[in-house]
Amino acid sequence: MDRIVKEKLPRHIAIIMDGNGRWAKKHMLKRVMGHERGADAVRMTVRTCRELGIRYLTLYAFSVENWQRPKNEVQALMSLLETYLKTELREMKETGIQLTVIGEIDEFPESVRDLLVSAIEETSENREMVLTLALGYGGRDEIVHAVRNIVRDSRSADVDPESITREFFSQRLYTAGMPDPDLLIRTSGENRLSNFLLWQMAYTELYFTDVLWPDFSKDDLIEAIVDYQARERRFGLTSEQ
Ligand code: FPP
């Protein structure tokens, strides 16, 4: 932890937690076991980010494309999420973590939706860290959803096209009110965005590691932050500016 410069912490870390299936295969276990171990890595990551003072952590827990997986795997992911919410709510409350969700959860089992709604409500006053779970999330769907809402609103009021600025549009996304991610971490050696936070990651620093998500440790997280801190973020300007 002492390798991290407190003054240069990323404000917002987003993570694509990939490689649960390959981890299971490597250990000759069922895929579901990989997800179970993945949930343990989620617990460690949330705790460590909270301890470090990261203000926003966003985890890609279930993409809109994940609905296409075998039914038993989808069910296992839902039940893991249910367990996670039941077991972690107390710690979230004690440590000041606010839970939020981005994505479409209408198709999620009622038991999971109920737990999500009450956890969001019960942690809404917490201010230490915002933990956002991307569930039923797709970056393109999010953009389409925002455009639809803007068009819908424009039917009842005259909208000046010039009033639709980048800032205005950002506030119509699921992530309204949140800063864009400073650092994206993706595990398991895949170098893609996979439809995650497409608008929000225009200037995000990307960090890819070969570590499979269930093996992702506190040291790996620290390594990613140290790597981020060594980078120069120019946002399209020159070094001298
Ligand atoms: C990718 O691994 C991971 C997912 C599809 C889901 C992420 C879920 C978890 C980490 C566990 C539960 C989450 C919470 C919040 C409790 P993969 O199956 O695509 O791996 P593979 O590419 O090796 O097959």
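**Exercise 1. Strand β1**

How many of the residues of strand β1 (residues 12-16) are buried? Find the count, then sort the side chains by direction.

*Solution.* Start with the ground rules. This is a predicted model, in which local features need pLDDT of at least 70, side-chain atom pairs count only at pLDDT 80 or more, and totals for chains, interfaces and linings use all residues. Residues are numbered from 1 along each chain as its sequence is written, and side-chain values use heavy atoms, with hydrogens and water left out.

Step 1. Buried means under 20% relative accessible area, exposed over 50%, and partly exposed in between (1.4 Å probe, protein chains only). Strands (E, at least two residues) and helices (H or I, at least four) are DSSP runs, numbered from the N terminus.

Step 2. Count. Five of the five residues of β1 are buried, so the strand is mostly covered.

Step 3. Sort. His12, Ala14 and Ile16 point one way. Ile13 and Ile15 point the other way. In a regular strand the side chains alternate between the two faces of the sheet.

**Exercise 2. Strand pairing**

Which strands does β1 join, and in which sense do they run? Then follow the pairing on to β4.

*Solution.* Two strands pair if DSSP finds at least two bridges between them.

Step 1. Five bridges join β1 to strand β2 (residues 56-63), and the two run parallel. Here Ile15 stands opposite Leu59.

Step 2. Four bridges join β1 to strand β5 (residues 183-186), again in parallel. Ile13 stands opposite Leu183 there.

Step 3. Move to β4. Seven bridges pair β2 with β4 in the parallel sense, and Tyr60 has Ala134 as its bridge partner. Strand β3 (residues 97-102) pairs with β4 over six bridges, also parallel. Ile102 stands opposite Ala134.

Step 4. Check the cover. Nine of the nine residues of β4 are buried.

**Exercise 3. The nonpolar cores**

Which residues touch the most other members of the largest nonpolar core?

*Solution.* A nonpolar core is a set of buried Ala, Val, Leu, Ile, Met, Phe, Trp, Tyr and Cys residues joined through side-chain atoms within 4.5 Å.

Step 1. The largest core has 45 residues. Ile13, Val46, Leu57, Leu59, Leu131, Ile185 and Ile225 touch the most other members.

Step 2. Helix α3 (residues 71-95) gives the most to this core, with eight residues.

Step 3. Zoom in on Leu131. Contact means heavy atoms within 4.5 Å. Leaving aside neighbours within four places in sequence, Leu131 is in contact with residues including Val46, Leu57, Leu59, Tyr84 and Met92.

**Exercise 4. Helix α5**

What span should helix α5 (residues 139-156) have, and where do its buried residues lie?

*Solution.* Step 1. The expected span is 1.5 Å times one less than the number of residues. For the 18 residues of α5 this should be 26 Å; the end C-alpha atoms are 27 Å apart, which agrees.

Step 1. The buried residues are Gly139, Glu142, Ala146 and Ile150. Seen down the helix axis, they fall within an arc of 75°, so they line one face of α5. The arc is that of the directions from the helix axis to the C-beta atoms.

Step 2. Look at the face turned away from the buried side. It carries the exposed residues Arg140, Arg148 and Arg155.

Step 3. Name the cover. β4 (129-137) and α6 (166-170) are among the elements over the buried residues of α5.

**Exercise 5. Helix α7**

Is Ile225 buried or exposed? What does it contact?

*Solution.* Step 1. Ile225 sits in helix α7. Its relative accessible area is 0%, so Ile225 is buried.

Step 1. Leaving aside neighbours within four places in sequence, Ile225 is in contact with Ile4, Leu9, Pro10, Ile13, Leu52, Ile54 and Leu183.

Step 2. Compare distances. Ile225 and His12 are 213 residues apart in sequence and 11 Å apart in space, C-alpha to C-alpha.

Step 3. Now take Gln229, also found in α7. Gln229 is buried, with a relative accessible area of 6%.
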